[in-house]
Structure formats: structure tokens, C-alpha cells
Amino acid sequence: MEFIRALVFAWLYFALPAAAALPELPDMGAPSDTVLSPDEEKHLGEAFYRNLHQHVRISQDLEIQDYIASLGGRLVAQSEMANRTFHLFVVMEPEINAFAGPAGYIGVNSGLILATQSEGELASVLAHEIAHVTQQHLRRAFAAAKRLTLPMAAATLAAILIGTQAPELGQAALIALQAGGIQQQINFTRSHEQEADRVGIQILTASGFDPRSMPLFFERLQQSTRFLGQNVPEFLRTHPVTSARIADTRARAETFPYRQYPDSIGYLLTKAKLQVLTATDLSALQKSFETQRRQGTLEAKAAASYGLALSLKAQNRLAASQEILQALIERFPDQPQFIHALAQVELALGQTEQALKRYQSALQRFPGSRVLQLEYASALLENARFQEARRLLEALLPSQALQQPLLFQLLARAYAGLGAPAESQRYLAEYYYATGDLERAIEHATVASKLAQGNRILEAITQQRLQDFQAEDKARKQN
Ligand SMILES: [Zn+2]
């Protein structure tokens, strides 16, 4: 029963805030029951993020990750939780959606990024989600989830926040719906939404973005959904855009003086790359970039050229792509995205030494660039230079801000290439664990611990990890 009740609370809080039941949650028992400790929330957030990989494709593109993390960091720095670590990431789904999970894990869909027409619009959505976290709107729901075992709570939150079907929640939700209190829940949620808008606009403005972006994006969403009928995007189901809400944010935005807010090159390049990655008709996209190349600011033209080069590469027109990128680098020699794109084309053309040299010299100029380090390591692996790749990758292990499945995957490849199967299996296990696939993690950790026999340190590490994974699996199956 405890299980059902917690599930109902968590589900309603996220899935039906605009349409359904339950007033503010009653306090249940001792205060320690209703609040998560920072440590518990951190663990819940990590498990939540691992689990999300099982439902949706989380972008492993390091440049996209980097951009969204730095945009998030700029906003968080102006919030009440400037000293806390947030984890922003991109979900490769076409629906317009963004969500805040436990411990500052904030996801934004590629579809939402592509629907924005300025960086300020994207920032306004992220600022709104950050405000939900700083105002602790989600704390009670997370605390309710505490009544489940950690893996189950994480799985439940993941399913709910991205709006996927979670059949096990059906019955519980129905019971709760009948429990009533619908109007109260709407009011309760509206007050949270209003507060997130209000605090969000403060964060947005303090971060140097146009406060008018928020009502502008809301208006665009409202217009674009007028014809959608039942197919309202997930974000709008949990964040209904009403005329009153637009008017509120507009009135607030108008109190700030008007000025120009140019988009950063990072925003323009990220959008161009996402357009190519999600394109269904590459040749149509190519034509659109060809037109855009002749319009707008210097940065906008460069971003269109970059998009053109990426779309040509995706169609295997490598020489044409290379030519455009070389011209771009001549004009913008310090733009890492252009260097990386050109190196990728060179690798595809078999110009391996040239590509590796390009990465090396870029790393001398940008020694802290995680993107260039991982891409360089990946290029080394492609060319069977396993020892160099391993050294580079292991140096990155302690510095991971976000749990990074790609790093483990590359390490597994490096060790396989070096003829070290126990280490390779160990990192494969970490890769599957990081993507929420516990069963495969256990399989590979089992193999690793057997292969590690005789190597006392590695044996101890792999056995410990195997035990961790098994304990988590057991907890998951308890519910
Ligand atoms: Zn909201």
C-alpha cells in the first residue's frame, strides 16, 4: 500500500499537474520521511539519469552536451543555487519538452531547441526549469518516491517526466484520479508555474538574456499548438501556456529596458548540428543552408556554412564538405567545432595523419577541451593507436561532471585493442551501468571478475562493482 501511495503521489505530481487530483501532499510521519537528504537526492538523481537512457536517446554528442551545460551554467550562476551542481543534457526526441528531475538533472529535447528562434528563448525554458529546482517545487514528489527502493523510484520518475507509458502506473493513477480534489491540484500547480516563470525571468535577465524571449516563446508555442488538437506537446501538457501566462510574463519583461541581444555562435552551431542530426530530408536541408549562407549576421552565415558542410558530409559528399570547412577555418581559426568537423571529414577521406595532427595542435591551443580530448582519443582508436588513447582517456576519468557512458565505451575499446580483456570487460560493465542496463552490467562485471583472477587489485575492484550492481538489481526487484 505504501508503494501504491507513493507511486500515486509521484505520478500525479508530474504527469497530470494541469488536469488532475490531490491537493498539496499531506505530511506523512516524521520530517525525515518527507524530505530527502542531499545525499539521498544525489543518489536518486544519478539513478534517475542512468535510467532515462532506457527510455530515450540522450545525446552523446560532446559538442552539444558542452553547449547546453555551459548555457545552463551561465543561468545557474545567477540563481539562488549558484553553488550547486546542475546537470543539463539533451534528449534526442522531436517533441517539444523540457523537464527537471531530482538533484538538478534537467533535460531538454532536441525538438524544443529546434523550435526556438533565439538563444534567449531556449534560455527562458531552461531558466524556468532551473527555477522549479531552486524553489524546490519537486521536493515533495521526490520525497514520496523515497518510499520506493532507489532503482524503482528512479525508474518511475524517469518514465513520468518524459511522459512515456509506464503500464505499472495505470491502476494506481486511476484510483488517485477518482480520489478528487482536482481544482485544488490545478491551483497548486499554477502557483508553482507562476513562481517558476517569475523566478525564471529574473535568472534570465541577470544572465544577460532578453526577458522578452519568455513571452515570445510562449506565444510561438501557443500559436503552433492551436491546430494540434490532442497532439499537444508534452511540455505544454505539464506547462499549459495560457493567454494570462503570456500577459504576465510580457508585463514583467516590459519593465526591463530594450536592447539588442545577439545569439552566441555556440547556439547557432548547436542548432545547425541538431538540424543535420535529426534531418529526414538531407538534400532539402542542404538547400536551406545554401540560402541561409547569404543572409544575416557574420555568425549566422558561418553557422549556415557549418550546417551545409555537415549535411554534405552526411550525404558522403566529402570533398565538397572539406572545401567549405577549410574556408571557414581560414576565417575563424579558433572555432573548435570547425576544427573537429574538418578532422572528421579528413578521417572519412582516409587523411588520417592530417586529422590526428589537427587534433593535436587544437589540443595545444585548447588543452582543457573535453570534447577535443575525447574526439582525439576516438580517432586514435580508429587507427589502432590504443596505448595513446588509453592514456588520454584514463586522465579524463576523475574529471567527469556528468556520468559519461561514451568515456567507458572508449576505454573498453582501448583495453580490448591492448589485449587486456579483464579491463575491457570492466569498462563495458561501467558503460552498461551508466546507461541503466543493470543486467548487462552484471554480465560483464561477472566476466571481468573471472578474467581478473591473479591480478589482486583489479580482482578486488571488479568484485566490488559486481556486488554493487547485484545489490541494486535486488533492490529493483523487491518492488
Ligand atoms: Zn514548469
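Axes are lines fitted to C-alpha atoms, for helices over the stretch in contact, and angles run from 0 to 180 degrees between N-to-C directions. The model is predicted: local features need pLDDT of at least 70, side-chain atom pairs count only at pLDDT 80 or more, and totals for chains, interfaces and linings use all residues. Numbering starts from 1 along each chain as its sequence is written.

**Exercise 1. Describe how H4 packs on H20.**

Step 1. Take the axes. Those of H4 and helix H20 (residues 370–382) come within 9 Å and cross at roughly 170°. Helices here are DSSP runs of H or I with at least four residues, strands are E runs of at least two, and both are numbered from the N terminus.

Step 2. Classify the angle. H4 is therefore roughly antiparallel to H20. The classes are: under 35 degrees roughly parallel, over 145 roughly antiparallel, 65 to 115 roughly perpendicular, the rest oblique.

Step 3. List the contact. H4 gives Leu 62, Glu 63 and Asp 66, and H20 gives Arg 370, Val 371, Leu 374 and Glu 375. Two residues are in contact if their C-beta atoms, placed from the backbone, lie within 7 Å.

Step 4. Sort by class. The contact of H4 with H20 holds three nonpolar, no polar and four charged residues. Nonpolar covers Ala, Val, Leu, Ile, Met, Phe, Trp, Tyr, Cys and Pro; charged covers Asp, Glu, Lys and Arg; the others, Gly among them, are polar.

Step 5. Assign the hand. H4 passes H20 in a right-handed crossing. Left-handed means that the near helix is turned anticlockwise from the far one by less than a right angle, right-handed that it is turned clockwise.

**Exercise 2. Check the length of H14 and find its partners.**

Step 1. H14 (residues 265–277) has 13 residues. The expected span is 1.5 Å times one less than the number of residues.

Step 2. H14 reaches 18 Å from its first C-alpha to its last, close to the 18 Å expected.

Step 3. Its buried residues include Tyr 267, Leu 268, Leu 274 and Val 276. Buried means 20 or more other C-beta atoms within 10 Å of the residue's own, exposed 12 or fewer, partly exposed in between, with C-beta atoms placed from the backbone.

Step 4. The buried residues of H14 pack against several helices, among them H5 (110–115), H6 (119–134) and H18 (336–348).

**Exercise 3. Is Leu 204 buried or exposed, and what does Leu 204 touch?**

Step 1. Leu 204 sits in helix H10 (residues 182–206).

Step 2. Leu 204 counts as buried because 28 C-beta neighbours lie inside 10 Å.

Step 3. Leaving aside neighbours within four places in sequence, Leu 204 contacts Ala 123, Ser 124, Ala 127, Phe 209, Pro 211 and Met 214.

Step 4. Leu 204 and Ala 123 are 81 residues apart along the chain, with their C-alpha atoms separated by 6.8 Å.
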